[in-house]
Amino acid sequence: MSTSAAAAEGEAAAAPGVRLEKRHIVYDDGITRMFVGASVIFALVAMLVGVLVALQLAFHPANIAPLLTFGRLRPLHTNAAIFAFVGNMVFAGIYYSTQRLTKARMASRTLSLVHFWGWQLIIVSAAVTLPLGITSGKEYAELEWPIDLAIALVWVIFAINFFATLWKRNEKQMYVALWFYIASIITVAVLHIVNSLALPVSILKSYSIYSGAQDALVQWWYGHNAVAFFLTTPVLGIMYYYLPKAANRPVFSYRLSIVHFWALVFVYIWAGPHHLLNTALPDWAQTLGMIFSLMLWAPSWGGMLNGLMTLRGAWAQVRRDPVLKFFAAGVTFYGMATFEGPLLSIKGVSALAHYTDWIIGHVHAGALGWNGFMAAGMFYWMVPKLFGTKLHSERAANIHFWLGTAGIILYVVSMWVAGITQGLMWRATDAKGSLLYPNFIETLTALKSMYWTRIIGGTVYLVGMLMMAWNLFMTAKAGKAVDGEAEVVVEVSDAPAVPWTRIVFGGPVVVSVIVLVVLGAIALTNAVGAGAFMLLALAIAVMAIMIGQRKKDPTKPGWHALVEGRAFLFSVFTVIAVLIGGAAEIIPSLIIKQTDAAVLAAKHPPYSALELEGRDVYIREGCYNCHSQLIRPFKWEAQRYGEPNTLDDSRWDHPFQWGSKRTGPDLARVGGKYPNVWHWQHMIDPRTISPGSNMPSYTHLPTSTVDFAGTKEKVYAMKTLGVPYSDAQINGAQASAQAQAAEIVADLKAAGVNANPNSQLVALTAFLQRLGKPPAPKLAPIGMPVTLNEKPTDAPAPTAATH
């Protein structure tokens, strides 16, 4: 024994060659209190911004200023919810539980403080830069390169402090919660570094080193696994610690927790491509993502059942205790979200749901139900202990629970209805095969009531969080800060440790390596073998774990018990499990044969200097939050938007702009469909062009200017990344941009609009006219009036570009 329980049995209980040492531990709970406070504050900020952006979709006048439009605030909302609210909550949970599970104070108070203040500085930087339009344009990774570097540095500081604490731990065996923390810390570092690789152009501007389909695959490998290893695995670790503590019961099944951990870590990393089904992504990558997403059902539900079954015999307590209410509901929402996720990864279901509000509902079921409720349960249990008092009001906590539940139901159900409605309306055709709803605005109009219902649900949930903040504040006010203490009896043995070779070359490792190598070789040469490899991978992992649990001698620890006592080896095995899937997904995409750059440039030239500047304006205004640039290979999409896209269409895009949501129509082939004056007026006052549009009015764009002095550096950066610009194009970038701008200005003047050639809206117009390898833009002859709401003769249907 190496826990405080040994103290009760006295030193006489020590085995031969083992001596017992008593140690007094004072935990650093001050850092936990700081992270709890930050999490609660940012939870309110994130959800307040969330209610505002929801209002902007239902009521366009809510876009009250250029810095506060939907396109700029939506990334602020997601970053605040993920990294500020949940991030601080996860850090609070890890710091509190790690010290108690290791029976050791955190290795360095200084590193803990640097981690806390560094993370808050990153959050504040995001809150400043994102509304200013300083963004990389990559979903869930919008922050620019200096902040990305800061994130990496702060994360490394956190990791050093965590692993140093494991190194000095007084409890030899690592409990399951620590396994999930290890996996999260390691994997998030890998994901962030790989996805954030970019070429800086200036202190606040960079371009992703990846482009097109490669960038899409890397981005959603990151995006999916950011959800997995930032919002899921650390919270599962929190579940495994706090739920049994609150219920005063041991976790239901130790063996199930082993299977849950290794299967989840190995399988989750492969599933990113399910965000890109029915796109220009290679079929092998789509199939890989779909199959592994379906396989996720097993480990995810294994973890859910392990959590809920821990409450066996305690359901009467659940009815009374708000902490257990939140935990039980949170784990249930985890089960619901992890059922719906694999369902949405089926190609047929994705064809209906992708780009719709169904995906928004799915994301928020997890964020509000799983993360939000687990956070509330943890805070209600933890804060009274951090301040040496009782929870101020259990009644208020119970009211919070029911308000939160009602808010989630209103939000998620309304988005399910809206999403299915969108998917069906977009594909609906009459007996002749023509679109029943050719105007995109018709879909938007049909969803208005659901958008208002979402606002009500989000507001109700926010009220519940406000009650929680008040309740926790009053609890803290009634007590005073106290740090936990423990008397620990530690075994100090003179016997040699189990050789690392016994672990590394143990049965589970040998079986896994042999079988995976054989199946991997089959997968490289045979399509059927590839399918078998993917389907059997989980079974192999489970079999290996089961072998590791078998013990010939019951007095000796099994293989996994040995690994649990060796933090370094455990971390190495975790890294290997993660990197196998990451490498199998990413490396083939990076070496896939593509059309020769020179050949492609001849038929699909790179963006002109002005178009490149216009693309930066498009990204800065957050247009990618509402518009996709990827037409899927479906008849109804081809009828509505044009020819489906291929890999070559986005080859020059750093980053890619396929999008993940269509609040407005796809823009992949919008170029040349409308005259320049149409785009100009549409950006200034969308409703004069598309009555019923919910797009913000970008009245600041005509007077905001482009600094053409920096255009040369941008074109040069693109050449560095592999875009085939000539030296003449680089050196003449400024002159070329100004000349093209003058042509657009002359055309606008002929239509009765006076424009500044340096205007950002001129550059944006050039970019929009370029999308989709268009024919020459339709220019109105000099002196001929232009009817702004006139249908373009070559467009299959009138489409309104709505944000």
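Valine 124 comes up first: at 44% relative accessibility, it counts as partly exposed. This residue is found in helix α4, which covers residues 109-129. Before I go on, please keep in mind that the model is a predicted one.

Now the overall picture. The protein has 803 residues, and 60% of them count as buried. Its secondary structure consists of 31 helices and 4 strands. The accessible surface comes to about 30500 Å², and carbon and sulfur atoms account for 67% of that. As for contacts between residues at least 6 apart in sequence, 83% join residues at least 24 apart.

Glutamate 139 sits in the loop between α4 and α5, the latter being residues 145-167. Is glutamate 139 buried or exposed? It counts as buried, because its relative accessibility is 11% and the limit for buried is under 20%. What does glutamate 139 touch, once neighbours within four places in sequence are set aside? Its contacts are Arg74, Gln219, Trp220, Tyr222 and Ser660.

Next, histidine 364. This residue lies in helix α15, residues 357-386. With a relative accessible area of 15%, histidine 364 is buried. Setting aside neighbours within four places in sequence, histidine 364 is in contact with His77, Gly369 and Tyr411.

On to salt bridges. Side chains of opposite charge can pair when their charged atoms come close. The count in this model is 19 salt bridges. I will go through three of them.

Helix α15 comes back here. Aspartate 357 forms a salt bridge with lysine 661, and the closest N and O atoms are 3.4 Å apart. This pair links distant parts of the chain, since aspartate 357 is in helix α15 while lysine 661 is in the loop between α25 (635-641) and α26 (676-684), 304 residues apart. Both partners, aspartate 357 and lysine 661, are buried.

The next pair is lysine 714 with glutamate 613, a salt bridge whose closest N and O atoms are 3.0 Å apart. Again distant parts of the chain are linked: lysine 714 is in helix α28 (residues 711-720) and glutamate 613 is in helix α24 (residues 609-620), 101 residues apart. Lysine 714 and glutamate 613 are both buried. They also take part in a network of salt bridges that links Lys205, Glu613, Asp616 and Lys714.

Aspartate 653 forms a salt bridge with arginine 615, with 3.2 Å between the closest N and O atoms. Here, too, the pair links distant parts of the chain: aspartate 653 is in the loop between α25 and α26, and arginine 615 is in helix α24, 38 residues apart. Both aspartate 653 and arginine 615 are buried.

Last topic: aromatic rings. How many aromatic pairs are there? The count comes to 47. Take phenylalanine 162 and phenylalanine 163: their ring centres are 5.3 Å apart and their planes are at 85°, so this pair is edge-to-face. Phenylalanine 162 is buried, with a relative accessible area of 1%, whereas phenylalanine 163, at 25%, is partly exposed.

Tyrosine 674 and tryptophan 678 make a stacked pair, with 3.8 Å centre to centre and 15° between the planes. Tyrosine 674 is buried at 3% relative accessible area, and tryptophan 678 is buried at 6%.

Ring pairs also build up a cluster. Its members include Phe35, Phe83, Phe91, Tyr95, Phe116, Trp117 and Trp119, along with Trp155, Phe158 and Phe230.

Charged side chains meet rings as well. Arginine 100 lies over the face of tyrosine 96, at 3.6 Å from the ring centre. In the other case, lysine 385 lies over the face of tryptophan 381, at 4.2 Å from the ring centre.

That is what I have; questions are welcome.

Notes: Residues numbered from 1 in each chain as written. Predicted model: local features only at pLDDT ≥ 70, side-chain atom pairs only at ≥ 80, totals over all residues. Heavy atoms only, no water. Helix = DSSP H or I, 4+ residues; strand = E, 2+ residues; numbered from the N terminus. Buried < 20%, exposed > 50% of the residue type's maximum accessible area, 1.4 Å probe, protein only. Contact = heavy atoms within 4.5 Å. Phe/Tyr/Trp six-rings, centres within 6.5 Å; stacked < 30°, edge-to-face > 60°. Lys NZ or Arg CZ within 6 Å of the ring centre and 35° of its normal. Salt bridge = Lys/Arg side-chain N within 4 Å of Asp/Glu carboxyl O. Areas by Shrake-Rupley, 256 points an atom, 1.4 Å probe, with all protein chains shown as cover.
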